[in-house]
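Biologist: I'm new to reading protein models. Could you walk me through this one, feature by feature?

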Amino acid sequence: MIISAIIPAFNAAPYLERAIHSVLVQTRPADEIIIVDDGSTDNTHEIAAQFGKKIKLIRQANAGVSAARNTGIRAAKGDWIAFLDADDEWLPDRLRLQCELLEQHKDLSWVTGNFLYCYCSQGHAAYPALGNEKRSKVIELLGSTQTFNSFFQAYALQASGHIDAVLVRKDKLLEAGLFAEGQKIIEDEDMWLKLGYMGLQLGFIPEPIAVYHIQVPDSAMQTIPDSNDVETVIVRHLDLAKKAGYPQGYDYCLRTILGYWLYRLLMANETRSARRLLRKFGFLLGFYCTATSYIGSFCPALWQWNEKRKQSSRES
């Protein structure tokens, strides 16, 4: 197998060297490293260029992260694609562990794994996405196979990984239609859902294999969502799920995605936008969740206080 690592980069100068270095020190090296500079206005391309022939640098006008990933996929020589965002990093055994799993299961078309959340503003404190209890549950379920029957099964167990942990066949990405260009939210989950509708099994590495830095300034995690973007995604995936015969677990995925973005809207006091989504897609959430969120949208301060109280209770 030939693995192409693809790193889309936009104004990533403070982080890009760390990301590239994490690929270069892999115990199973990537066969190709492609950096797609998506119209950066800082010195991103200069930092990438200093690695010389170790990487392939592609520069394009700014078109968004999905377009940058697609450019990298089309240019890749590998039959397998490994993704990494420019502000994140891989752990050294990422590719080795995944390749060993693929050697055992040659019918697999993609594999993901556990990863670390890094809270950069808190002294770079890092916590696994799957802690001990959840990880043990997943390991017990998977047994020696280390494969989920579907993406939807993995998602329900919070074991669908992160884009930094995904290794997937290039031909499957092309068959799925590549990443949705112009889509401003969940462009990665959008792709995984499309692969899920194809009925592909998903391999999983229980050990953390990547680091996701979640407090990077100006990242998508820091922006207020547009409810029109949320609506577009939900409508499209309801249609795709219907065409795929409503695979088991698809509704849980869409419910979770909708619930997350409703939470973001209500925390940002975007109450009218939240109510519009609730009126249109409340059937996905169920009566209680829809009703409490709708009522909360008329008193967002109280709703936010209650959400923070619940969060504090979970953490204690």
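Predicted model: local features only at pLDDT ≥ 70, side-chain atom pairs only at ≥ 80, totals over all residues.

Biologist: How many residues of β1 are buried?

Modeller: Two terms to begin with. Buried means under 20% relative accessible area, exposed means over 50%, and partly exposed is in between, using a 1.4 Å probe and protein chains only. Helices (H or I, at least four residues) and strands (E, at least two) are DSSP runs, numbered from the N terminus. In β1, seven of the seven residues are buried, so the strand is largely enclosed by the rest of the structure. Ile3, Ala5, Ile7 and Ala9 cover one side, and Ser4, Ile6 and Pro8 the other.

Biologist: Which strands does β1 pair with?

Modeller: Two strands pair if DSSP finds at least two bridges between them. β1 runs parallel to β4, joined by four bridges, and it pairs with β2 over six bridges, also in the parallel sense. Take Ser4: it stands opposite Ile81 in β4 and opposite Glu32 in β2.

Biologist: Now the helix. Which residues of α1 are buried?

Modeller: The general idea is that an α-helix has 3.6 residues a turn, so residues three or four places apart point the same way. In α1 (residues 16-24), the buried ones are Leu16, Ala19, Ile20, Ser22 and Val23. Seen down the axis of α1, they fall within an arc of 155 degrees (taken from the directions from the helix axis to the C-beta atoms), so they line one face of the helix. Those buried residues pack against β1 (3-9), β2 (32-38), α2 (44-49) and β5 (89-90), where contact means heavy atoms within 4.5 Å.

Biologist: And how many disulfides are there?

Modeller: A disulfide is a covalent bond between the sulfur atoms of two cysteines. The rule used here is a pair of cysteine sulfur atoms within 2.5 Å, and the count comes to zero. For Cys299, the closest cysteine sulfur is in Cys289, 17 Å away, too far for a bond. Cys299 is partly exposed at 37% relative accessible area, whereas Cys118 is buried at 4%.

Biologist: How do I read aromatic pairs?

Modeller: You describe a pair of aromatic rings by the distance of the centres and the angle of the planes. Rings of Phe, Tyr and Trp (its six-membered ring) pair if their centres lie within 6.5 Å; planes under 30 degrees apart are stacked, over 60 edge-to-face, and the rest tilted. This structure holds 17 such pairs. One of them, Phe83 with Trp192, is tilted, at 6.3 Å centre to centre and 55 degrees between the planes. Phe83 lies in strand β4 (residues 80-83) and Trp192 in helix α8 (residues 187-197), so the pair ties together parts 109 residues apart in sequence. Both are buried. Phe115 and Tyr117 make an edge-to-face pair, at 5.0 Å and 70 degrees.

Biologist: Which charged end sits over the ring of Phe298?

Modeller: That of Arg275, 4.2 Å from the ring centre. The rule asks for NZ of Lys or CZ of Arg within 6 Å of the ring centre and within 35 degrees of the ring normal. Arg69 likewise lies over the face of Phe179, at 5.3 Å from the ring centre.

How values were computed: Residues numbered from 1 in each chain as written. Heavy atoms only, no water.
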